[in-house]
Amino acid sequence: MQGNRVSRWYFGGVSASAAACFTHPLDLIKVHLQTQQEVRVRMIGMALNVVRREDYLALYSGLSASLCRQMTYSLSRFAIYETVRDKMNREKKGLIPFYQKVMLGAFGGFTGGFIGTPADLVNVRYAHALDGLLRVWKEEGTRKLFSGATVASTRGALVSVGQLSCYDQSKQLVLATGYLTDNILTHFLASVFAGGCATVLCQPLDVVKTRLMSSKVEYGGVFHCLTETAKLGPEAFYKGLVPAAIRLVPHTVFTFIFLEQLRRHFGAVVVT
């Protein structure tokens with residue numbers, strides 16, 4: 001009998017929050033790009049505009065809202081995915097197949113997306129989490145806190161399939177080659193692939209979600225936002241694709257590297 005360390009339920013939220021501290025400026029720029037009605041400036045130009053209008057600290061505006069989002073959205077989806085996956089692996093006495101990872105990732109992401117919708121809304125519109133939540137609740141009502149929940153939940157399902165399921169599967173395939181062990185290089189390669197998959201899967205919905213949440217009266221709902229975005233051309237759904245990838249891939253890499261280190265050093269020991 002030997003002990004095997006598995007993640008604790010809250011490790012995903014902690015890891016994603018730590019990663020957000022590194023990638024928040026890229027997330028801020030991505031939101032600015034996606035909320036343009038017409039393509040006027042690109043990523044570097046937008047970053048320079050933010051710094052020129054305010055200062056370098058402005059790139060970290062809204063960090064508290066971003067951390068609030070990670071500790072609701074990411075904590076929930078990682079907790080569901082990893083807890084259930086580890087239990088299924090123990091019962092099966094082996095690794096579950098990829099299709100089950102996809103289903104589990106989609107369910108965890110959909111649930112996490114719904115739970116994290118209020119924090120996601122605040123992340124788009126306000127600089128501070130608590131202030132933003134209170135202002136939306138007082139000025140626009142509780143219902144507005146869950147504006148865009150359908151899109152956010154669907155997006156959460158897609159990004160979780162790309163990140164969680166694809167990370168697990170790619171890590172499994174890399175280890176199966178026998179050339180690499182369960183080390184930081186393996187975690188890096190698997191997380192780069194997972195981040196790329198997540199970006200491709202969720203970018204169209206990410207654009208719609210951001211436009212919907214950043215508006216107060218412009219859109220009557222998800223379908224209206226979709227049709228209005230489509231009028232700008234197919235490329236509108238991939239507005240900010242490069243900064244989205246530049247933000248999401250590093251965020252995915254940092255998240256899983258932190259998660260693996262937490263699991264290795266502080267994970268719960270399960271006897272197998």
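**Exercise 1.** How many cavities of 30 Å³ or more does the count come to?

Before we start: this is a predicted model, where local features need pLDDT of at least 70 and side-chain atom pairs count only at pLDDT 80 or more, while totals for chains, interfaces and linings use all residues. Residues are numbered from 1 along each chain as its sequence is written, and side-chain values use heavy atoms, with hydrogens and water left out.

Step 1: on a 1 Å grid over the protein atoms alone, a cavity is a set of points where a 1.4 Å probe fits but cannot get out; a pocket is an open set with protein on both sides within 12 Å along at least five of seven lines; and lining residues have an atom within 4 Å of a point.

Step 2: the count comes to three cavities of 30 Å³ or more. The second largest cavity holds about 70 Å³ of space.

**Exercise 2.** Find which element gives the largest share of the lining of the second largest cavity.

Step 1: list some lining residues, among them Arg-69, Tyr-73, Arg-155 and His-251.

Step 2: the elements giving two or more residues are helix 3, helix 8 (149-176) and helix 11 (241-266). Helices (H or I, at least four residues) and strands (E, at least two) are DSSP runs, numbered from the N terminus.

**Exercise 3.** Describe the largest pocket.

Step 1: its volume, the space filled by probe spheres set on grid points joined across faces, edges and corners, is about 790 Å³.

Step 2: of its 32 lining residues, Asn-4, Arg-85, Asp-86, Asn-89 and Leu-95 are the closest to the centre.

Step 3: here too helix 3 gives the most, with seven residues.

**Exercise 4.** Now follow helix 3 from end to end.

Step 1: helix 3 covers residues 63-92, and its 30 residues reach 41 Å from first C-alpha to last. That's close to the expected 44 Å, which is 1.5 Å times one less than the number of residues.

Step 2: at Leu-75 helix 3 bends by about 30°, the angle between axes fitted to the seven residues ending there and the seven starting there.

Step 3: just past helix 3, Lys-93 takes a positive phi of about 60°.
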